[in-house]
Amino acid sequence: MARNVKSTYVLGTGLSHDGSACLIKDGRICVAIEKERITRRKHDGGNDSDAVSYCLQAEGITIDDVAVVVQNDNFGMLVGADDWFQGPRVVKGTNVPLVTISHHLAHAFSAICASPFDEASVLIIDGSGNSFDDCLDREGCTLGVTPAKELEHLYFEKDSYYHYEQGRMRPVYKDFSEAGMGIKQYPMRPNFTMHSIGGMYLAASVYVFAGFEDPGKLMGLAPFGRPNQHDFPIFDLKDGRVFVRYDWMERFTRPARNKTDFKEGFQAHADFAWWLQREVERALLYVVNHRYEQAPSDNLVYAGGVALNAVANRVIRTQSRFKNMFIQPAAGDNGLAVGCAYYGWQEVLKRERVKATGSSAFGRHYRRDEVDAALKNHDDLLKEEPAQDVYRRTAELLADGKVVGWFQGGSELGPRALGHRSILADPRLPEMRDFINSKVKFREDFRPFAPSVLREDCSTYFDCDYESPYMVMVAPVRPEWRSRIPSVVHQDSSARIQTVTEDVSPAYYRLLKQFKEVTGISVLLNTSFNRKGMPIVETPEEAIRFFLSCALDALVLEDRIFFKVATRTSVDLPLDKLLLERIKPALERNVEEAKRIGGVFELRLSGVRTFTMDLSRQQPTLFEGRQKTPDVVLELSESDFQRLYNDPNEAQSLFGQGKISVNGDPARALQVARILRMS
């Protein structure tokens, strides 16, 4: 008779920005999620209860079933503060041991344990990690700097180098930077650390784009820059260390504070982005070559926020002495929980490492009844097209110029959609880039898109003899293909590629095979299933709402294809008739749906007339005038309201164009489109 053996679980959690949680079962990840996917707030971090609860519920266990919890917060070791960390925590108040590790150590374990290597050098480069006095991995390694004892708390990790062999992580070299100049409020100054590559890159991003979430945009902007516009060194490189120079920054006095500033200074910003990218590559290659000498290896494993610079990654891959390279797909702080969990398995429980499968899709799978429930909420807006072979039919739609939302299995961990939460299109159509940027993603027109390609066909289209499964490496597009797949070719004739294999992504691989049968090419335009400022969709409900609010043509939910119900015939009625004779009766006819939406919506039209839709009452209604405490206020012109009424799917576009001003919850504001569909 077989003996039931209880599984061993380890929970890892990251408490930095881009928070996440990861649950390991018997040495292998069974579920992991970024906090932003649950809360719908970009770069959400801090308290980890939402992400932890998601993981436990997905696996059907409680916190008491976990053997150990390992955590990291890069601004402290939570000593004396972990009983209440921005709110009550699921992992506190239990008998489960709670272990805290330092930042770069968590990154290092996330990278090596996701890699295919048994032996490798491990490089971590980011904006900043834990302070010198909090690091657990200083013993036995070379230190770039040793601060005075009373200043240890003011120096922070900026890069770390380890060697991993026979299941053991050995620190080799660690460098630190003193705290930065953010308090000075200069237009371009690294905010937190003075001398980190990641800190400098973020400072430039804030200068150009006025936002924390935008460092990756600089890669897309750089190819529009012109060579030889700048000649000053951004970094000093000496004694194996990188130092940010400050003597050039005073000439940069015009940061982009809004879209208009950015557009007016586009070329100047692009020129600087081009130069910064070259300087970052110079600094990274210097660090990589120096660290190689400290502990040579054929294999390099790489993580930290800077590891998401796909352009620099190719420079390291092709110009350093390392022969093989693996980049953690969740290289930023969203991968810390993975490293914490693996540390718990190997270092705390002393278990043998279990090789990863190569997949980064660790989100929970949604059952058929959950998908059906989400569809029922919008059944009057969707029509299903029966398809014997969803892969073949989707390939045909794509070949016909349709843009498709593709939702399959569990969501990916990390910033890239890799065929589980993707928006897909035919890369042969040159108009696709502008269309998706403006009508689907609602983002800047210079932003490029990435190609997914069958691994066995990669070298046909790209100058690439290596795998790039996580879309964190660029390669030149071969000259004969640049005009044939124009919507995935960057300004500099490169592309940020994703190589797809059947063993890691069977559904996506099958779609690419079908697309090749239909069109003769095995490349698809692949971008994340979200819009600017929005986390990638997690649930079927979120995918459906997004589909209905933008210009996507079709939505594939697992093995089913959906289209939008045709919009109403355009009408041109006086405002009173439109609101009071069409929308008000519609609310009164659809009481239950109106109550499900709920809330009080105030419409200010052309700044002259105000109407209130009150869906909080037992009998929802609409009237001219104001109510004291609306949940959301929307201001727009009468003509734009007419446009919105005629096609509620225009809501996202109007918001994206700034034609609807919102005071209140933007997500609730979008429910106006749902209200209008009732009439």
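**Cavities, sheets and a helix pair**

Author: Let's start with the largest cavity. Its lining residues divide into six nonpolar, eight polar and one charged. Keep in mind that this is a predicted model.

Reader: What volume does the largest cavity have?
Author: About 110 Å³.

Reader: Which residues lie nearest its centre?
Author: G358, P469, Q498, V504 and S505. The whole lining has 15 residues.

Reader: And how many cavities of 30 Å³ or more are there?
Author: The count comes to three.

Reader: How does anyone find empty space like that?
Author: You roll a probe the size of a water molecule over the atoms, and that shows where empty space is left.

Reader: OK, new topic. What is the order of the strands in the five-stranded open sheet?
Author: It goes β3-β2-β1-β4-β5, and the pairing is mixed.

Reader: In which sense do β1 and β4 pair?
Author: Parallel, over six bridges. β1 covers residues 9–14 and β4 covers residues 66–72.

Reader: Which helix lies across β1?
Author: Helix α9, residues 336–348. It lies across β2, β3, β4 and β5 too, and runs at about 140° to β1.

Reader: What about α9 and α3, are they roughly parallel or roughly perpendicular?
Author: The axes of α3 (residues 103–114) and α9 cross at roughly 80°. The two helices are therefore roughly perpendicular to each other. Their axes come within 7 Å.

Reader: Which residues meet there?
Author: From α3, they include L105, F109 and C113. From α9, they include L336, Y342 and Y343. The contact residues divide into 10 nonpolar, five polar and one charged.

Reader: Back to sheets. What is the order in the six-stranded one?
Author: β7-β9-β8-β6-β12-β13, an open sheet with mixed pairing.

Reader: Which strands stand at the edges?
Author: β7 (142–143) and β13 (324–327). Each has a single partner strand, so one side of each lacks a neighbour in the sheet.

Reader: How many bridges join β7 to β9?
Author: Two, and the strands run parallel. L143 has K174 in β9 as its bridge partner.

Technical notes:
Residues numbered from 1 in each chain as written. Predicted model: local features only at pLDDT ≥ 70, side-chain atom pairs only at ≥ 80, totals over all residues. Heavy atoms only, no water. Pairing = 2+ DSSP bridges. Helix = DSSP H or I, 4+ residues; strand = E, 2+ residues; numbered from the N terminus. Contact = heavy atoms within 4.5 Å. Axes fitted to C-alpha atoms, helices over the stretch in contact; angles between N-to-C directions. 1 Å grid on protein atoms, 1.4 Å probe; cavity = no way out; pocket = protein on both sides within 12 Å on 5 of 7 lines; lining within 4 Å. Points joined across faces, edges and corners; volume = space filled by probe spheres on them. Nonpolar A, V, L, I, M, F, W, Y, C, P; charged D, E, K, R; others polar. Parallel < 35°, antiparallel > 145°, perpendicular 65-115°, else oblique.
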